[in-house]
Amino acid sequence: MTNVLGKYHSSPKTKGALRFMPVVPASTSLASRLAALGPGRIDVHTHAFDPDLPDIGASYEGTFPAARRLSADRAQIILGGRMYRELDARSWSAPARLRDMDAEGVAAQLVSATPVTLCHGEPAAGAAALAAAQNDFLARLTAAAPDRLFALGCVPLQDPGAAVKELYRCVRDLQFAGVEIGTRVGELELADPNFVPFFRAAADLGAVVFVHPVDQTLDPRLARLGVGFGLGMPAETAIAAAGLLACDLLDELPGLRLCLAHGGGTLPSALPRLAQGMRLAGKGDRVTARARQLWCDSLTYDVAGLLLAAERFGAGHVVLGTDYPFDAREQPAGAVLTALEEVTTAAGLRGTAAPGSPEVLTGAARENALALLAEAGPPHEEARPRHEEARPRHEEARPED
């Protein structure tokens, strides 16, 4: 049952109990809210942060982010005792977000946690408490505008069993569309067999799994060169996705809905070489076809890059994403899609919808997102595995009903 009062976390390293916050999940199902959605674009890549985030590091071993309130509309993320980023109220205020959405013609946002707070490489107990606290916050935020804001929750992926349980809470109880995960879990890749139960559970639930890189996991060489944002993060996404393409996971779970941030990173340009490498290794090219099971957002800042992503993943698998409300955001929302429309008009292609032409991406602003979300969020009473082959193999990874 949904815990409408909130979660209370205790810990073996208690330095004082974490503070209690109420949870207000959406009162209607995800499917009903999507069906009632007004006209406008759907932005699947936006972030939020709780300015009153509990200090997980005070109660659990590990290095976890904390919040420092500066004022009613300013806060900082503190990591390792230092200021990581300063944020304004758009990161936690539904009215502030709605003002920007209305100004840019955005009907709905999918809201996920600020990536540095995913903490997949930290001790599992603290990561589980942090994920639960962030999900409680996302539930409150989206409940403030349930017809416009939809959540992608957090999971402690370093503990696959706990991750499955939190995934079920997100989708079944809190009516989230899915979850956001990083590109690696400590020293393990997403393709590691340890995470198969999590991905099977996501396929069972029709949940969106949004894969987003975390700057703290990048090779330090990239920071020294000053290219962590520009090259490191898209390359990190490509490496994680390449590992998933090279294994059999997507064949075993054809209903798994994996969406890659930042246009799939560098994967679209690297895919032909990846395919050739598989052929040279005697494994044949299965990665090209598997890539068309993936989704990506449109955050490429470039029309040519967007078209290449559409060619690799399929035009129907590209969805609008902006990175709102951070400095790197695309502004206005869908700027690259607008630029694409201008190219289309100038080339006289409108109405042709020929394969490889810009016209095939007309669904990226809205319709593709609705398709991505179509299977997410089954009612609690009816939630059942959607594919028999997608049942978790390990009983300990299954949630308690």
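Cys-119 counts as buried, because its relative accessibility is 12% and the cut-off for buried is under 20%. Cys-119 sits in the loop between β5 and α3 (124-143). Its phi is near 55 degrees, a positive value in a residue other than glycine. This is a predicted model. The average pLDDT is 87, and 84% of the residues score at least 70.

**Backbone features**

- Most residues other than glycine have a negative phi, and most peptide bonds are trans.
- Tyr-301 has a positive phi, near 60 degrees.
- Tyr-301 lies in the loop between β12 (295-297) and α11 (303-313).
- Tyr-301 is partly exposed, because its relative accessible area is 47%, and that class runs between 20% and 50%.
- The peptide bond from Tyr-324 to Pro-325 is cis, with omega near 0 degrees.
- Gln-331 and Pro-332 are also joined by a cis peptide bond, with omega about 0 degrees.
- Pro-325 belongs to the loop between β13 (318-319) and α12 (335-347).
- Pro-332 lies in the loop between β13 and α12.

- Val-111 is part of strand β5 (residues 106-113).
- Is Val-111 buried or exposed? Val-111 is buried, with a relative accessible area of 0%.
- Beyond its neighbours within four places in sequence, Val-111 is in contact with residues including Thr-46, His-47, Ala-48, Leu-138 and Phe-150.
- Asp-43 is 68 residues from Val-111 along the chain, yet their C-alpha atoms are separated by 8.8 Å.

**Nonpolar cores**

- In soluble globular proteins, nonpolar side chains tend to be buried together.
- The largest nonpolar core here has 89 residues.
- Leu-167, Ile-181, Phe-198 and Phe-199 have the most contacts inside that core.
- Leaving aside neighbours within four places in sequence, Phe-199 is in contact with Ile-181, Leu-190, Val-209, Leu-249, Leu-253, Leu-256 and Leu-258.
- A second, separate core has 21 residues, among them Cys-259, Ala-261, Val-319 and Leu-372.

**The largest pocket**

- The largest pocket holds about 510 Å³ of space.
- It is lined by 29 residues, and the closest to its centre are Tyr-84, Arg-85, Asp-215, Phe-229 and Phe-326.
- β4 (82-88), α6 (220-225) and α7 (228-246) each give two or more residues to the lining.
- Which element gives the largest share of the lining? β4 does, with five residues.
- The lining divides into 14 nonpolar, six polar and nine charged residues.

- Over residues 1-17, pLDDT stays under 50, and the model has 40 contacts beyond four places in sequence for them.
- Residues 351-356 also stay under 50, with six such contacts.

Conventions. Residues numbered from 1 in each chain as written. Predicted model: local features only at pLDDT ≥ 70, side-chain atom pairs only at ≥ 80, totals over all residues. Heavy atoms only, no water. 1 Å grid on protein atoms, 1.4 Å probe; cavity = no way out; pocket = protein on both sides within 12 Å on 5 of 7 lines; lining within 4 Å. Points joined across faces, edges and corners; volume = space filled by probe spheres on them. Helix = DSSP H or I, 4+ residues; strand = E, 2+ residues; numbered from the N terminus. Nonpolar A, V, L, I, M, F, W, Y, C, P; charged D, E, K, R; others polar. pLDDT = per-residue confidence, 0-100. Contact = heavy atoms within 4.5 Å. Core = buried A, V, L, I, M, F, W, Y, C linked by side-chain atoms within 4.5 Å. Buried < 20%, exposed > 50% of the residue type's maximum accessible area, 1.4 Å probe, protein only.
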